[in-house]
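Subject: Structure handover

Hello,

Here is the structure for you to look at.

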Amino acid sequence: MSKQHVMLITGTGKGIGKYLAEHYAGKGFKVIGCDIKPADYTLESYLHFCLDVSDETKVREMLGVIRKTYGQLDILINNAGIASMNHFLLTPLRTVKNVLNTNVAGTFLVCREASKVMQKNHYGRIVNFSTIAVPLKLEGEAIYVASKAAIVYLTQVLAKELGEFGITVNTIGPAPVKTDLIRSVPQEKIDNLIRRQAIHRFGEFRDISNVIDFFIRPESDFVTGQVIYLGGLS
Amino acid sequence: MIEKERIMQVIFGAMEDVNSQLPPEQQLETSKETVLFGRSGKLDSLALVTLIVAIEEKLEEELEVKVTLADERAVSQRKSPFKTVETLTDYITSLLKEESNV
């Protein structure tokens, strides 16, 4: 890279977020990560913040540090999210609030504060996270699906509002990947879900970084408001 | 308590930053009477958003106060606090006063 790009990834404590931090630090990006828990790993060119993405004060503080330290933020990967798998009739209101807070309010908040830094340089790439459970309208995941459907429409509206600032906003919808997020889902349900994909296999971390690589390329400046679902769903 | 004059200087600083990105016909005079929002204002909606973001950022950097300028209360007021530099200064002063009384 001719110039080191500064990237913020949320939810880097484990799973996909940790993989993305390693992947992009390895590619020479300056990576800032955050998670509700401290990182149990270190990387060259990696800085970790311990925060809840739905905590407005903490998110503003983090973006303030990024602005003052680097004077730029080029890329935001909004990976932080939580799932809830339960029958609708058995879903507590507290779970609903938690899922919406982290997945929707958290994504909104980090997008808003990151965009304020990005617009100063008239350049930015934002990638949000949805899921193939949205086009599948997956039963047993009502509130998780609702929160991730909100991300699709949030992305599409932000793409319009931020286009003039040189910021693109896109969404990836991964297929099930073997992480803690799906640990509690029964095997039969996962097998059934994979059968509904066009390509019948689990998603891999590399499938996700492949799509993100495309979205964040400087040359992708005419690609915005798009959703790419993995595994052949739409 | 932060003086009104300091708040106005912060707004002027943000206006100068935003002016550097605007074509000459849209640039704002740094005066307390300058119209920021409304029919006689020069800024389009995009430039106004950029200015508000710049003012919030400068308030944090120079005066170490965190404020959200465009919340429900601001947009629901009969007379917009964003009308002129002076009305915006008064609005920010009132926000900071409320905060210091909490």
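Predicted model: local features only at pLDDT ≥ 70, side-chain atom pairs only at ≥ 80, totals over all residues.

Residues are numbered from 1 along each chain as its sequence is written, and chains are lettered from A and ligands numbered from 1 in the order in which they are written.

**The sheet of chain A**

Chain A has an open sheet of seven strands in the order 3-2-1-4-5-6-7, with parallel pairing. Helices (H or I, at least four residues) and strands (E, at least two) are DSSP runs, numbered from the N terminus; two strands pair if DSSP finds at least two bridges between them. Strand 3 (46–50) and strand 7 (227–229) of chain A are the edge strands, each pairing on one side only. From one strand to the next the twist averages 15°. Axes here are lines fitted to C-alpha atoms, for helices over the stretch in contact, and angles run from 0 to 180 degrees between N-to-C directions.

Strand 1 (residues 6–10) of chain A runs parallel to strand 2 of chain A and is joined to it by five bridges. Leu8(A) has Ile32(A) in strand 2 of chain A as its bridge partner. Strand 1 of chain A also pairs with strand 4 (residues 75–78) of chain A, in the parallel sense, over three bridges. There Met7(A) stands opposite Ile75(A). Strand 4 of chain A in turn pairs with strand 5 of chain A over four bridges, again in the parallel sense, and Ile75(A) stands opposite Arg125(A) in strand 5 of chain A.

Strand 2 (residues 30–35) of chain A is mostly covered, with six of its six residues buried. A residue is buried if 20 or more other C-beta atoms lie within 10 Å of its own, exposed if 12 or fewer, and partly exposed in between, with C-beta atoms placed from the backbone. On one side of strand 2 of chain A are Lys30(A), Ile32(A) and Cys34(A), and on the other Val31(A), Gly33(A) and Asp35(A), all buried. Strand 4 of chain A is likewise covered on both faces: Ile75(A) and Ile77(A) on one side, Leu76(A) and Asn78(A) on the other.

**Helices on the sheet and on each other**

Helix 3 of chain A lies across strand 1, strand 4, strand 5 (124–129) and strand 6 (167–173) of chain A, and runs at about 180° to strand 4 of chain A. Helix 5 of chain A packs on the sheet too, touching strand 5, strand 6 and strand 7 of chain A, and its direction makes about 165° with that of strand 6 of chain A.

Helix 3 (residues 93–118) and helix 5 (residues 142–162) of chain A have axes that come within 9 Å and cross at roughly 15°. That makes helix 3 of chain A roughly parallel to helix 5 of chain A (angles under 35 degrees count as roughly parallel, over 145 as roughly antiparallel, 65 to 115 as roughly perpendicular and the rest as oblique). The residues in this contact of helix 3 with helix 5 of chain A divide into 13 nonpolar, five polar and one charged. Ala, Val, Leu, Ile, Met, Phe, Trp, Tyr, Cys and Pro count as nonpolar, Asp, Glu, Lys and Arg as charged, and the others, Gly among them, as polar.

Helix 1 (residues 15–26) and helix 7 (residues 205–216) of chain A pack at an angle of about 60°, their axes 10 Å apart. Helix 1 and helix 7 of chain A are therefore oblique to each other. Their contact has five nonpolar, two polar and no charged residues.

**Between the chains**

Five residues of chain A are in contact with five residues of chain B (two residues are in contact if their C-beta atoms, placed from the backbone, lie within 7 Å). The chain A side of this has no nonpolar, two polar and three charged residues.

**Two single residues**

Ala133(A) is in helix 4 (residues 133–136) of chain A and counts as buried because it has 24 C-beta neighbours inside 10 Å. Beyond its neighbours within four places in sequence, Ala133(A) contacts Leu138(A), Glu141(A), Tyr144(A), Val145(A) and Lys148(A).

Ala14(B) lies in helix 1 (residues 4–19) of chain B and, with 22 C-beta neighbours inside 10 Å, counts as buried.

Regards
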